[in-house]
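Subject: Structure handover

Hello,

Here is the structure I promised to pass on. Please open it first, then read the notes below it.

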Amino acid sequence: MLITILFGPPGSGKGTQAAYITKRYGLQHVSTGDMLRKEAEKGTDLGNEVAPIMAEGRLVPDDLIVRVIEARLRETNAAGVLLDGFPRTVPQAAALDEMLRRTGRKVDLVLFLDVPEEKLIERLLGRALTEGREDDNLETIQNRIEIYHRDTEPVLDHYRDQPATAIEVVDGDAAILEVAERVRNAVDRHYRDAA
Ligand code: AP5
């Protein structure tokens, strides 16, 4: 089972590109943001706990999200998994590594969508007009980007220190289909190199 992390700041296009990659490579898309939003919509205990945290753009506690991911990975039997929005802190990455190690797996590839900050803000404010996500307002977007730099960016260094994990940096500042083409080339290159 190939484990790929789709990595990048809020608004870099992780969810958008995930749709293309999962289709092409038969991967299971595991988006922690989508999973938590569904729980919040359903009003479950978990959803009620995380909803106010997400509305402020803060991260939910590591132990909670690790439990959610562990349960999800246990029940999947797809050819591979595409993690979107996880891991988001170094402790989450360490927990993921450990949970994969127990079943003889590892993170194979980190795909980093690199997009300049002004574009992130523009895209998320644009989405606010069409989708109305509670965390897509200027103050919360800036908070999410700050948290990304402080807590999430170090995850990339965590994997840079692991020779068994490949990192592909994709310039995500282009039209959606152009980025999809770049992502496809990066994943194909990795699969070819890994073969
Ligand atoms: P999550 O849902 O993961 O949000 P995010 O990381 O902020 O990412 P977004 O969904 O906003 O952006 P994206 O990169 O997926 O871009 P998208 O494709 O949607 O997390 C939400 C919250 O949940 C967190 O703040 C936290 O509270 C909690 N959470 C989740 N995971 C957690 C974890 N592991 N630990 C702790 N807490 C966690 O695109 C954005 C917009 O741009 C769209 O409108 C799209 O159409 C447009 N767009 C995309 N690509 C392009 C392009 N190339 N050109 C022009 N427009 C584009």
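Let me start in a helix. Threonine 152 is placed in helix α7, residues 138–160. Helices here are DSSP runs of H or I with at least four residues, strands are runs of E with at least two, and both are numbered from the N terminus. With a relative accessible area of 6%, threonine 152 is buried. Buried means under 20% relative accessible area, exposed means over 50%, and partly exposed lies in between, using a 1.4 Å probe and protein chains only. Threonine 152 and glycine 8 are 144 residues apart along the chain, and their C-alpha atoms are separated by 8.7 Å.

Two notes on the source. This is a predicted model, where local features need pLDDT of at least 70, side-chain atom pairs count only at pLDDT 80 or more, and totals for chains, interfaces and linings use all residues. Residues are numbered from 1 along each chain as its sequence is written, and side-chain values use heavy atoms, with hydrogens and water left out.

Helix α7 also holds leucine 156. Leucine 156 is buried, at a relative accessible area of 5%. Its C-alpha atom is separated by 23 Å from that of arginine 123, 33 residues apart along the chain.

Now the ligand. Where does the ligand sit? It sits in the largest pocket. A pocket is found on a 1 Å grid over the protein atoms alone: it is an open set of points with protein on both sides within 12 Å along at least five of seven lines. A molecule sits in one if more than half of its atoms lie within 2 Å of its grid points.

There are 30 residues around the ligand, and Thr16, Arg58, Arg88, Arg144 and Ala174 come nearest. By type, the shell divides into 13 nonpolar, nine polar and eight charged residues. Asp, Glu, Lys and Arg count as charged; Ala, Val, Leu, Ile, Met, Phe, Trp, Tyr, Cys and Pro count as nonpolar; the others, Gly among them, count as polar.

Which helices each supply at least two residues of this shell? They are α1 (14–25), α2 (32–42), α6 (117–130) and α8 (176–194). The largest share, four residues, comes from α2.

- Arginine 144: a polar side-chain atom lies 2.7 Å from an oxygen atom of the ligand.
- Lysine 14: a side-chain N or O atom is 2.9 Å from an oxygen atom of the ligand.
- Valine 60: a backbone N or O atom lies 3.1 Å from a nitrogen atom of the ligand.

The ligand taken alone exposes 1000 Å², and the protein buries 87% of that. Accessible areas come from the Shrake-Rupley method with a 1.4 Å probe; for residues, only the protein chains shown count as cover.

Back to the protein. Glutamine 17 is in helix α1. Glutamine 17 counts as buried because its relative accessibility is 3%. A polar atom of its side chain lies 3.4 Å from the backbone nitrogen of alanine 180.

Aspartate 97 is in helix α5, residues 90–101. This residue is buried too, at 19%.

One last item. Most peptide bonds are trans. A cis peptide bond joins phenylalanine 86 and proline 87, with omega about -5°. Proline 87 is in the loop between β3 (80–84) and α5.

Best wishes

Definitions and conventions. Near = heavy atom within 4 Å. Polar contact = N/O pair within 3.5 Å; in protein donor to acceptor, adjacent residues only side chain to side chain. 1 Å grid on protein atoms, 1.4 Å probe; cavity = no way out; pocket = protein on both sides within 12 Å on 5 of 7 lines; lining within 4 Å.
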